[in-house]
Amino acid sequence: MRWNESFSVGVAEIDEQHKRLVEMLGNLLEEMKRGRGKDVMANTINDMFNYAKMHFATEEKYMALYKYPESALHRREHEKFVETAKSFYEGYMNGSLSAIDLMNFLKNWLVEHILGSDKKLGKFVSGASLCKR
Ligand SMILES: [Fe+2]
Ligand SMILES: [Fe+2]
């Protein structure tokens, strides 16, 4: 999976972080294809989760700054992701889920969330910052 312009939400800081997330997901996929052990995969996954949390905080900063009307809903999506990702991760570690299951969840969530909720937020923020100029 590669980042391309269709993922752009129109806010540079958010786009940069999405690029990094997509890149991390690509690294994870590479490790999976090469049959890396769970310990290697676990490190990459942990890095990605930590980065995702930092990224959510960035988006939430914009929501507060511009008084985004859909911030409660968007925040809940972030919270739900952290919870679900944790249980997928545990499932992967205890062997009840395959690496592919975990990858598919991460990839689908990221793509759907960026194209849906994050684009909506990006549009609002870029519109609002134009008005402030
Ligand atoms: Fe988001
Ligand atoms: Fe995002």
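Two residues are in contact if their C-beta atoms, placed from the backbone, lie within 7 Å. By that test, α1 and α2 meet along a list of residues given below. The model is predicted. The protein chain averages a pLDDT of 93, and 98% of the residues score at least 70.

**Helices α1 and α2**
- Helix α1 covers residues 12-33, and helix α2 covers residues 38-65.
- Their axes come within 10 Å and cross at roughly 165 degrees.
- Angles over 145 degrees count as roughly antiparallel, so α1 is roughly antiparallel to α2.
- The crossing of the two is left-handed.
- On the α1 side, the contact residues include Ile-14, Leu-21, Leu-25 and Leu-28.
- On the α2 side, they include Met-41, Ile-45, Met-48 and Ala-52.
- The contact of α1 with α2 has twelve nonpolar, five polar and five charged residues.

**Helices α2 and α3**
- The axes of α2 and α3 are 11 Å apart, at an angle of about 175 degrees.
- These two helices are therefore roughly antiparallel to each other.
- Among the contact residues are Ala-42, Ile-45, Phe-49 and Phe-56 of α2.
- From α3 come Val-82, Ala-85, Tyr-89 and Met-93, among others.
- This contact of α2 with α3 divides into nine nonpolar, three polar and four charged residues.

**Helix α3 and its end**
- At 1.5 Å a residue, the 23 residues of α3 should span 33 Å.
- The end C-alpha atoms of α3 are 33 Å apart, which agrees.
- Just after α3, Gly-95 takes a positive phi of about 85 degrees.

**Confidence by helix**
- Confidence is highest in helix α3 (residues 71-93), at a mean of 96.
- Confidence is lowest in helix α4 (residues 99-132), at a mean of 92.

Note on methods:
Residues numbered from 1 in each chain as written. Chains lettered and ligands numbered in written order. Predicted model: local features only at pLDDT ≥ 70, side-chain atom pairs only at ≥ 80, totals over all residues. Axes fitted to C-alpha atoms, helices over the stretch in contact; angles between N-to-C directions. Helix = DSSP H or I, 4+ residues; strand = E, 2+ residues; numbered from the N terminus. Parallel < 35°, antiparallel > 145°, perpendicular 65-115°, else oblique. Left-handed = near helix turned anticlockwise from the far one by under 90°. Nonpolar A, V, L, I, M, F, W, Y, C, P; charged D, E, K, R; others polar. pLDDT = per-residue confidence, 0-100. Expected span 1.5 Å × (residues − 1).
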